[in-house]
Amino acid sequence: MNAIKKLSHMTILAAAVSVFSGSAIAGVSAPGAAATSYNDISNFSINFNTGSASINSFTFSNNTAANGVTGTANVDPMDAPASCVGACVGWNNDFFDHTVGTLGFAYGDAQIIDADVVAGTGQALAIGDVYSTGGVAHASGSNVMNAIIQVTTPTAFDFAFVADLFMHTELGPDGIDAAANTFFNITLTDSLTNAVAFSWSPDGVVSSGALPNGGIEIDDPFSLNTGIVGNGSYVAGFGSFFASTDTLSESMYSLEIEMVNQVNVAAVPVPAAVWLFASGLLGLVGVARRA
């Protein structure tokens, strides 16, 4: 019995020491709240099945980031510089998890690497990555491609691409909330009538029959419009997506392709959380001793 009591005391004290030393406990690698949402769209192509059409496109890339009441926002036509709070110089174009440190950070970046969707080589990246030890923080990266398509003889369009999606959320002892989301949508609108001719938001379920606004979905391996909260991961990996429009009549069409990856976290201030938790542990030590 004495051996059991001694082991209990040592276990509780070790947990208290781990809190004060800043090391991870209970499998959590950060004392605050962290979240990451990342997507890589590649081999994006638009093919004209029949008839003839021409496409004139331009690209736009933007990102935002904030930590508490401070932050930065950057916009650039082809390459949005990194947004960051704290010592995060050199994170520009870093589309990976960032090291969770003691300062906290909010990081968003977005980049359109290749805009030649007619050749089938379109590629774009977006990431939101954030960590906070106190207060709230959010970050996002988004890419938008707008194109004008002139259909001269009736034709249908095929949209195909490969996506690599990863999301992760983590709550430490002082974490309150952690959320990661991803959005990806393709919309084709008749510029003359303002009617939506095609709209596709992959959700991981192949639609039976036609899509709501026309067209058909062939490949939809996992959702690109979803989110996670708390302690969780969404590791989709690589997947091929494919959908086709109905045959479109002669007209002018506007195309919008949008991808967004965003994260939000909230945590109580570290000192308050540490001392509150530690006082509870010390109380447990006293109870164990009396036992």
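Student: Which residues touch the most other members of the largest nonpolar core?
Tutor: This is a predicted model, where local features need pLDDT of at least 70 and side-chain atom pairs count only at pLDDT 80 or more, while totals for chains, interfaces and linings use all residues. Residues are numbered from 1 along each chain as its sequence is written, and side-chain values use heavy atoms, leaving out hydrogens and water. In general, nonpolar side chains tend to be buried together in soluble globular proteins. A nonpolar core is a set of buried Ala, Val, Leu, Ile, Met, Phe, Trp, Tyr and Cys residues joined through side-chain atoms within 4.5 Å. Buried means under 20% relative accessible area, exposed over 50%, and partly exposed in between (1.4 Å probe, protein chains only). Here the largest core has 46 residues, and Phe44, Phe159, Phe161, Phe184, Ile186, Trp200 and Leu255 touch the most other members. Apart from that core lies another, of ten residues, including Trp91 and Phe95.

Student: What percentage of the chain's residues count as buried?
Tutor: Of its 291 residues, 46% do.

Student: How many helices and strands does the chain have?
Tutor: Helices (H or I, at least four residues) and strands (E, at least two) are DSSP runs, numbered from the N terminus. This chain has two helices and 14 strands.

Student: Let's zoom in. Is Asn143 buried or exposed?
Tutor: Asn143, found in strand β7 (residues 135–153), counts as buried because its relative accessibility is 2%.

Student: Which backbone atom does the side chain of Asn143 reach at 2.6 Å?
Tutor: A polar contact is a pair of N or O atoms within 3.5 Å; within protein, one must be able to donate a hydrogen and the other to accept it, and residues adjacent in sequence count only if both atoms are side-chain atoms. At 2.6 Å, the side chain of Asn143 reaches the backbone oxygen of Leu125. A polar atom of that side chain also lies 3.5 Å from the backbone nitrogen of Gln111.

Student: Where is Leu125 found?
Tutor: Leu125 sits in strand β6 (residues 122–132), and at 8% relative accessibility Leu125 counts as buried too. Leu125 and Phe95 are 30 residues apart in sequence, yet 7.6 Å apart in space, C-alpha to C-alpha. Contact means heavy atoms within 4.5 Å. Leaving aside neighbours within four places in sequence, Leu125 is in contact with residues including Tyr38, Phe95, Asn143 and Met259.
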